[in-house]
Amino acid sequence: MSARWSLYADATIERVVGERMVGPDGNRSGVIGRCLDRYQEIVQRSRPDLSVPEWRLCFDAFDASMTSISWAGIADGMNRLGPKWGVDGRSLLARIHALPYAGIVALVDEAERYWAAVGRGEDPRVPGEER
């Protein structure tokens, strides 16, 4: 059974759902679910091919408090933390800048999910990490 939630729809949610609805009594949950399914598929298909140390560096640079992409902050973090993970931060940052937008979104999404798991007290793996 699906969980029942209350959701406050900001202007973006209202627009995205409204553009996909047929009639005032349409299935809002279905629209949101389909959009999220597509988003998840895009993220999975666009995930950059990074080594485990490169993912760790990204997660350190995209820290848990990050709410938006700050390239200056990320560059500083990658340069400062690169030696910790044995990664050339400048080279990795150049590769990230060369990614298509969907690849950058996938990278940020992975970091967001990683830090959310840490916040829940879990010990999350990074992509490619074996346990």
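Pro 48 lies in the loop that runs between helix 2 (28-46) and helix 3, where helices are DSSP runs of H or I of at least four residues, numbered from the N terminus. The model is a predicted one, in which local features need pLDDT of at least 70, side-chain atom pairs count only at pLDDT 80 or more, and totals for chains, interfaces and linings use all residues. Residues are numbered from 1 along each chain as its sequence is written, and side-chain values use heavy atoms, with hydrogens and water left out.

With 9% relative accessibility, Pro 48 counts as buried (under 20% relative accessible area, with a 1.4 Å probe and protein chains only). Apart from neighbours within four places in sequence, Pro 48 is in contact with Trp 55, Leu 99, Gly 103, Ala 106 and Leu 107, contact being heavy atoms within 4.5 Å. From Pro 48 to Pro 100 there are 52 residues in sequence and 9.8 Å in space, C-alpha to C-alpha.

Helix 3 (residues 52-61) and helix 4 (residues 71-85) have axes that come within 9 Å and cross at roughly 135 degrees; axes are lines fitted to C-alpha atoms over the stretch in contact, and angles run from 0 to 180 degrees between N-to-C directions. Among the residues that meet here are Leu 57 and Cys 58 in helix 3, and Ile 74 and Leu 81 in helix 4.

The cysteines complete the picture. Cys 58 is buried at 1% relative accessibility, and Cys 35 is also buried, at 19%. The count of disulfides is zero, a disulfide being a pair of cysteine sulfur atoms within 2.5 Å.

Key. Helix = DSSP H or I, 4+ residues; strand = E, 2+ residues; numbered from the N terminus. Buried < 20%, exposed > 50% of the residue type's maximum accessible area, 1.4 Å probe, protein only.
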